[in-house]
Amino acid sequence: MEDIIIPIFICVVLPVTIVWLVARTKQNETNRKAEIMLKAIESGASIDMEQFNTGKKSPRTIKQDLLEKLNGACITTFMGVAFLAWAVVGYFHPEYTDGRFFNHLAPIAGGVLLAVGIGLFISYFAGKKLLAKEIEAEEKNLEK
């Protein structure tokens, strides 16, 4: 019985609960902000709308995007290499493994992650080379 209940809780109940909690938190935050605004309007105080605009993000620069690609490339490449190494260990030392994952899924997962990582590295270096002038212009604008 627990072979059925545990996966259901992990795959269904846990994600639904997380989404519900996040939505409820956002709704409570919105309700608190609305209540503060209504009280300020009732008392006749001036309202600073910038105080309530916390959801807007600052514009991202090209350099930040490239660094994010480099970060993703490092992580996925390392994970790909780790899965491939794990598969090799599982192949040569089957006593340490359960067999199925190491023989079939670990090499596939490692190959896919390694390919994505290499693709992100290529994208990073190509973007760095092609967008060098734009990055320099953005840095000059930020200094002003």
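This is a predicted model: local features need pLDDT of at least 70, side-chain atom pairs count only at pLDDT 80 or more; totals for chains, interfaces and linings use all residues.
Residues are numbered from 1 along each chain as its sequence is written, and side-chain values use heavy atoms, with hydrogens and water left out.

**Exercise 1.** Classify the ring pairs that involve Phe125.

*Solution.* Step 1: state the rule. Rings of Phe, Tyr and Trp (its six-membered ring) pair if their centres lie within 6.5 Å; planes under 30 degrees apart count as stacked, over 60 as edge-to-face and the rest as tilted. The count by this rule is three aromatic pairs.

Step 1: apply the rule. Phe121 and Phe125 are 6.4 Å apart centre to centre with 15 degrees between the planes, a stacked pair. These two residues lie four residues apart, about one turn, in helix α3 (residues 100–130); helices are DSSP runs (H or I, at least four residues), numbered from the N terminus. Tyr124 and Phe125 form an edge-to-face pair, at 4.9 Å centre to centre and 70 degrees between the planes.

Step 2: Ring pairs join Phe121, Tyr124 and Phe125 into a cluster.

**Exercise 2.** Assign Phe121, Tyr124 and Phe125 to their accessibility classes.

*Solution.* Step 1: buried means under 20% relative accessible area, exposed over 50%, and partly exposed in between (1.4 Å probe, protein chains only).

Step 1: Tyr124 has a relative accessible area of 10% and is therefore buried. Phe121, at 24%, is partly exposed, and Phe125, at 49%, is also partly exposed.

**Exercise 3.** Describe the surroundings of Thr77.

*Solution.* Step 1: Thr77 belongs to helix α2 (residues 62–92) and is buried, because its relative accessible area is 16%.

Step 1: the Thr77 side chain reaches the backbone oxygen of Ala73 at 2.7 Å.

Step 2: leaving aside residues up to four places away in sequence, Thr77 touches Leu113, Leu114, Gly117, Ile118 and Phe121, where contact means heavy atoms within 4.5 Å.

**Exercise 4.** Determine how α2 and α4 are oriented to each other.

*Solution.* Step 1: the axes of α2 and helix α4 (residues 132–143) come within 9 Å and cross at roughly 125 degrees. Axes are lines fitted to C-alpha atoms, for helices over the stretch in contact, and angles run from 0 to 180 degrees between N-to-C directions.

Step 1: angles under 35 degrees count as roughly parallel, over 145 as roughly antiparallel, 65 to 115 as roughly perpendicular and the rest as oblique. The two helices, α2 and α4, are therefore oblique.

Step 2: Ile62, Lys63 and Leu66 in α2 meet Glu134, Ile135, Glu138 and Glu139 in α4.

Terms used
A polar contact is a pair of N or O atoms within 3.5 Å; within protein, one must be able to donate a hydrogen and the other to accept it, and residues adjacent in sequence count only if both atoms are side-chain atoms.
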